[in-house]
Amino acid sequence: MNIIRILLYKEFIIFKKSLLLYVSFLFLFPLILFLFFSIPLSLLFMDMKPIYTIWSSIGICFVCSLFLTYLFHFSYLSRIYKKETTKSLPIWPYHYLFSGYIFSIIVGLVEFFIAVLVTSSMTSDIISIVSLIKLIVIILPSIIIVCNLSFLIFKISDNFMAKNIFNILIFLILSLGFGSFIPLSYFPENYNNIVQYLPIASSIYNAQNIIVSKSFFFSLLFISFFYMVVFSLISYFVIDNNFTNKN
């Protein structure tokens with residue numbers, strides 16, 4: 001536990017060095033999405049109830065939180081796993097795994113709260129405490145899944161160009177492919193039937209139901225936690241293979 005605390009302390013020291021830059025971006029990112037996604041698309045979905053800007057606010061919160069989690073975790077991986085000295089340290093693979101998860105959860109939830117604050121001020125729609133707690137429970141497995149996805153992409157992206165291509169793809173999929181800004185009902189039926197059972201898309205769908213005062217589906221929440229466990233196990237075995245084989 002002390003090792004995980006040390007690894008986390010190291011990350012927050014690095015974060016603190018550019019604190020003003022990071023905090024500014026955390027506030028600007030949801031505002032940019034609102035201006036360039038929600039407002040233009042509200043002209044296309046004028047007949048939605050509730051109004052589109054309120055409905056899409058939860059999409060902004062999820063995209064901001066998950067995409068920044070992906071970027072920060074990727075940066076964390078770059079600092080940890082590309083150093084040859086890392087393998088010689090008396091640190092077990094699960095230390096790196098859990099410290100990365102904890103750091104990413106903190107970043108993801110901080111950005112989620114900031115995005116909720118920004119979107120609420122823009123739409124004048126206040127999320128209740130009960131709804132906020134439900135949203136946190138829903139987004140947590142998605143944050144862990146994105147961490148694992150970041151790790152897998154980190155393992156296969158060998159150069160700067162490949163990394164940026166994956167970054168763009170992840171952002172586009174989160175924004176436009178999982179129903180964050182375009183309702184899944186507007187997609188072809190076959191696509192909708194498949195995507196709504198993917199972990200992140202199902203979490204976004206459940207969160208949107210909460211925003212419009214509908215009950216969320218426990219089956220979709222179970223799917224998210226199931227995928228979280230599966231992806232975490234895969235990441236652990238990959239890390240264990242890399243860092244315990246020192247010969």
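**Getting to know the patch, pockets and loops**

Trainee: Which helix gives the largest share of the nonpolar patch?

Mentor: Helices here are DSSP runs (H or I, at least four residues; strands are E, at least two), numbered from the N terminus. Five residues of the patch come from one of these runs, residues 93-123. That largest share belongs to helix H4.

Trainee: Before we go on, what kind of model is this?

Mentor: Residues are numbered from 1 along each chain as its sequence is written, and side-chain values use heavy atoms, with hydrogens and water left out. Local features need pLDDT of at least 70 and side-chain atom pairs count only at pLDDT 80 or more, while totals for chains, interfaces and linings use all residues, since this is a predicted model.

Trainee: How much area does the nonpolar surface patch cover?

Mentor: A patch takes residues with over 30% relative accessible area and no salt bridge, joining like charges within 9 Å and nonpolar side chains (Val, Leu, Ile, Met, Phe, Trp, Tyr) within 5 Å. A salt bridge is a side-chain nitrogen of Lys or Arg within 4 Å of a carboxyl oxygen of Asp or Glu, and areas come from the Shrake-Rupley method with a 1.4 Å probe, with only the protein chains shown as cover for residues. Phe-12, Trp-92, Tyr-94, Phe-98, Ile-102, Ile-106 and Val-110 make up this patch, and its area is about 620 Å².

Trainee: Is Phe-12 buried or exposed, or something in between?

Mentor: Phe-12 sits in helix H1 (residues 2-17). Buried means under 20% relative accessible area and exposed means over 50%, with partly exposed in between (1.4 Å probe, protein chains only). Phe-12 has a relative accessible area of 33%, so call it partly exposed.

Trainee: What volume does the largest pocket have?

Mentor: On a 1 Å grid over the protein atoms alone, a pocket is an open set of points with protein on both sides within 12 Å along at least five of seven lines, unlike a cavity, where a 1.4 Å probe fits but cannot get out; lining residues have an atom within 4 Å of a point. Points are joined across faces, edges and corners, and the volume is the space filled by probe spheres set on them. The lining has 17 residues, with Trp-55, Pro-183, Tyr-205, Gln-208 and Asn-209 nearest the centre. The volume comes to about 370 Å³.

Trainee: Which helix gives the most to that lining?

Mentor: By class, the largest pocket's lining has nine nonpolar, six polar and two charged residues. Here Ala, Val, Leu, Ile, Met, Phe, Trp, Tyr, Cys and Pro count as nonpolar, Asp, Glu, Lys and Arg as charged, and the others, Gly among them, as polar. The top contributor, with three residues from the run 199-211, is helix H8.

Trainee: What is the phi of Ser-124 near?

Mentor: Most residues other than glycine have a negative phi. Ser-124 lies in the loop between H4 and H5, and counts as exposed at 64% relative accessibility. Its phi is positive although Ser-124 isn't a glycine, at a value near 60°.

Trainee: And where does Ser-213 lie?

Mentor: Ser-213 isn't a glycine either, and its phi is positive at about 65°. At 70% relative accessibility, Ser-213 counts as exposed. Its place is the loop between H8 and H9.

Trainee: How far apart in space are Met-122 and Ile-54, C-alpha to C-alpha?

Mentor: Met-122 is in helix H4 and is partly exposed, at 38% relative accessible area. Along the sequence, Met-122 and Ile-54 are 68 residues apart, but C-alpha to C-alpha the separation is 9.2 Å.
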